[in-house]
Amino acid sequence: MALTAKGRATRQRILEGAAAHLRSSEPGGVTLDDIREVTRTSKSQLFHYFPGGKDELFLEVARLEADRVLEDQQPHLGALDSWAAWERWRKAVIARYRAQGAHCPLASLLSQVGNVPGAAEVSTTLLRQWQDYVERGIVTMQDRGDVSARIDARRAAGAFIAGIQGGVVILRTTGRTEHLEHVFTVLVSYLRGCPA
């Protein structure tokens, strides 16, 4: 659907409002009436911009949040070419999740997987892209001779993503980032070839 500048702004406002509401609520319990209320949108407006209703809106929110996860880590994630760059990325990730606390966009996205057609694909794509960035960083460091060529870059990158997400789950429960910090310490030490 071709939208005017005003229409694009309205659609984006609805998306942003829905995303903020989903981060602070249990997604399975959110209704279109909830979204209408928090975005101050009429039912006709909502269906004009999202004719597929709740499923279409939630899928678009999932895409928005998936993009945000990667954008929030840039430019660090795309430039893992030195130990200083890895440290900048670590600090950015920890600061991001510390600031978000329990309101994690990715957690919101993953909690929608069972409820929204297409959300599983969005989640899978996000995790693959995130892992690809980390893998490229490891390969770059291997090419420079800073990381052993014996390390399987794909597996190590997967461990980073799984570890970060595990640390975030614990952060959401405890309000503390120490487990997330430990993940980085252990995995970067592994890449450096020294004990954690």
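**A helical chain and its contacts**

A network of salt bridges links R11, E60 and R63; a salt bridge is a side-chain nitrogen of Lys or Arg within 4 Å of a carboxyl oxygen of Asp or Glu. The model is predicted, so that local features need pLDDT of at least 70 and side-chain atom pairs count only at pLDDT 80 or more, while totals for chains, interfaces and linings use all residues. Residues are numbered from 1 along each chain as its sequence is written, and side-chain values use heavy atoms, leaving out hydrogens and water.

The protein chain holds 9 helices and 0 strands, helices being DSSP runs of H or I with at least four residues and strands runs of E with at least two, numbered from the N terminus. Read from the N terminus on, the order of elements is α-α-α-α-α-α-α-α-α. Of the 196 residues in the protein chain, 45% count as buried (under 20% relative accessible area, with exposed over 50% and partly exposed in between, for a 1.4 Å probe and protein chains only). When contacts (heavy atoms within 4.5 Å) between residues at least 6 apart in sequence are considered, 68% of them join residues at least 24 apart.

Helix packing may be followed through α9. Two packed helices are described by the angle between their axes and the distance between the axes. The axes are lines fitted to C-alpha atoms, for helices over the stretch in contact, and angles run from 0 to 180 degrees between N-to-C directions. Helix α8, residues 153-174, and helix α9, residues 178-192, have axes that come within 8 Å and cross at roughly 165°. The two helices α8 and α9 are therefore roughly antiparallel to each other (angles over 145 degrees; under 35 is roughly parallel, 65 to 115 roughly perpendicular and the rest oblique). On the α8 side the contact is made by A156, A159, F160, G163, I164, G167 and I170, and on the α9 side by H179, L180, V183, F184, L187, V188, Y190 and L191. By class, this contact of α8 with α9 comprises 12 nonpolar residues, 3 polar residues and no charged residues; Ala, Val, Leu, Ile, Met, Phe, Trp, Tyr, Cys and Pro count as nonpolar, Asp, Glu, Lys and Arg as charged, and the others, Gly among them, as polar.

Helix α9 also packs with α5, at an angle of about 165° and with the axes 10 Å apart. That makes α5 roughly antiparallel to α9. In α5 the residues W83, W86, W89, R90, V93, I94, Y97 and R98 meet L180, E181, F184, V188, L191 and R192 of α9. The contact of α5 with α9 has, by class, 10 nonpolar, no polar and 4 charged residues.

The R90 of this contact also takes part in a charged pair. The side chains of R90 and E87 meet in a salt bridge at 2.7 Å, N to O. Because E87 and R90 are 3 residues apart in helix α5 (residues 83-100), about one helical turn separates them. E87 counts as partly exposed, at 31% relative accessibility.

A search of the whole structure finds 12 salt bridges. One of them joins R154 and E135, whose closest N and O atoms are 2.6 Å apart. This pair links distant parts of the chain, since R154 belongs to helix α8 and E135 to helix α7 (residues 119-143), 19 residues apart. R154 is partly exposed, its relative accessible area being 28%. A further salt bridge brings together the side chains of D146 and R144, at 3.3 Å from N to O. D146 counts as partly exposed at 31% relative accessibility, whereas R144, at 52%, counts as exposed.

Two residues of α7 may be considered individually. Q142 is placed in helix α7 and is buried, with a relative accessible area of 17%. Apart from neighbours within four places in sequence, Q142 is in contact with V147, S148, A149, I151 and A153. A120 also has its place in helix α7 and counts as partly exposed at 34% relative accessibility. A120 and A62 are separated by 58 residues in sequence and by 9.4 Å in space, C-alpha to C-alpha.

The peptide bond from Q74 to P75 is cis, with omega near 5°, and P75 lies in the loop between α4 (53-71) and α5. R40, in the loop between α2 (32-39) and α3 (43-49), has a positive phi of about 55° although it is not a glycine. R40 is exposed, with a relative accessible area of 77%.
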